[in-house]
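Let's take a walk through this structure together. Have a look at the picture first, and then we'll go through it piece by piece.

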Amino acid sequence: MITLALSKGRIFEETLPLLKAAGISVLDNPETSRKLILATNSPDVQVVLVRASDVPTYVQYGGADLGVAGRDVLIEHGLDGMYQPLDLNIACCRMSVAVRDDFDYAAAIKQGSRIRVATKYTQIARQHFSDKGVHVDLIKLYGSMELAPLTGLADAIVDLVSTGNTLKANHLVEVEKVMEISSRLVVNQAALKLKREPLRRMIDAFASAIPK
């Protein structure tokens with residue numbers, strides 16, 4: 001049995017064409033089914049639904065043989081016990097620094113001010129500001145990042161941005177792009193040795209179907 005870990009939503013939807021290229025169809029709709037383990041048309045392949053941030057953990061410790069996770073999640077988690085053979089070029093967005101539209105970010109940086117930054121992605125933010133030589137105090141949040149500058153909790157946020165509409169609606173502006181984000185295929189190292197042939201076939205099928 002091959003177990004693939006996916007998260008609901010955009011990653012799940014954009015992984016379906018890749019699975020189709022491997023001849024695999026998921027038989028249940030995660031939006032209407034309460035099942036957390038979804039059968040496929042292949043008796044040897046199943047999909048487990050987990051939180052996006054938990055995908056690397058399931059793959060690392062063998063709860064899944066392979067999974068699809070965003071670059072952001074993988075950097076925060078680390079790649080111990082996993083291979084990352086493919087950038088699937090799906091669920092693309094960017095990680096950016098954003099501030100209130102009346103906050104002079106450039107001046108604060110130039111003056112060497114210590115700024116407070118709220119983010120879920122503390123590893124990425126720490127590395128980004130360290131590389132720039134900017135002094136920051138990081139505040140870990142798990143949701144509603146846009147509230148932090150509006151309430152005075154933080155001067156800036158580091159968060160995922162797709163259209164930017166949520167930032168605009170909350171009077172925030174992007175001031176710096178940290179990195180481009182896309183979703184990657186990760187594979188358990190032990191599984192790749194024990195189930196080499198079926199996993200290699202799936203990886204090759206995914207590779208041939210990656211959106212250009």
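Before we start, one term: a polar contact is a pair of N or O atoms within 3.5 Å; within protein, one of the two must be able to donate a hydrogen and the other to accept it, and residues adjacent in sequence count only if both atoms are side-chain atoms. What you see is a predicted model, where local features need pLDDT of at least 70 and side-chain atom pairs count only at pLDDT 80 or more, while totals for chains, interfaces and linings use all residues. Residues are numbered from 1 along each chain as its sequence is written, and side-chain values use heavy atoms, with hydrogens and water left out.

Let's begin with the whole chain. It holds 9 helices and 11 strands; these are DSSP runs numbered from the N terminus, with helices being H or I of at least four residues and strands E of at least two. Along its principal axes, the C-alpha trace spans about 60 × 35 × 30 Å. Of the 212 residues, 45% are buried, where buried means under 20% relative accessible area, exposed means over 50%, and partly exposed is in between (1.4 Å probe, protein chains only). Among contacts with a separation of 6 or more, 67% are between residues 24 or more positions apart; a contact here means heavy atoms within 4.5 Å.

Now for the sheets. Strands of a sheet pair through backbone hydrogen bonds, either parallel or antiparallel. Here, two strands count as paired if DSSP finds at least two bridges between them. For β5, the partner is β11 (residues 183-188): the two run antiparallel and are joined by 4 bridges. Within that pair, Leu86 stands opposite Leu185 in β11.

Next, take a look at β7 (residues 115-119). 4 of its 5 residues are buried, so the strand is largely enclosed by the rest of the structure. It pairs in the parallel sense with β8 (residues 136-140) over 5 bridges, and the chain gets from β7 to β8 through helix α5 (residues 122-132) in a right-handed β-α-β crossover. Right-handed means that, with the strands pointing away from the viewer, the path from the first strand over the helix to the second runs clockwise. β7 also pairs in the parallel sense with β9 (residues 156-161), over 3 bridges. Thr119 takes part in both pairings: it stands opposite Lys140 in β8, and its bridge partner in β9 is Val158.

Where does Asp65 lie? You'll find Asp65 in the loop between α2 (55-60) and β4 (66-70). Asp65 is buried, with a relative accessible area of 8%. Its side chain makes a polar contact of 3.1 Å with the side chain of Lys195. Leaving aside residues up to four places away in sequence, Asp65 touches several others, including Met1, Val59, Val187 and Leu199.

Finally, turn to Ser208 in helix α9 (residues 196-209). Ser208 is exposed, with a relative accessible area of 58%. Ser208 and Leu18 are 190 residues apart in sequence, but their C-alpha atoms are 8.5 Å apart in space.
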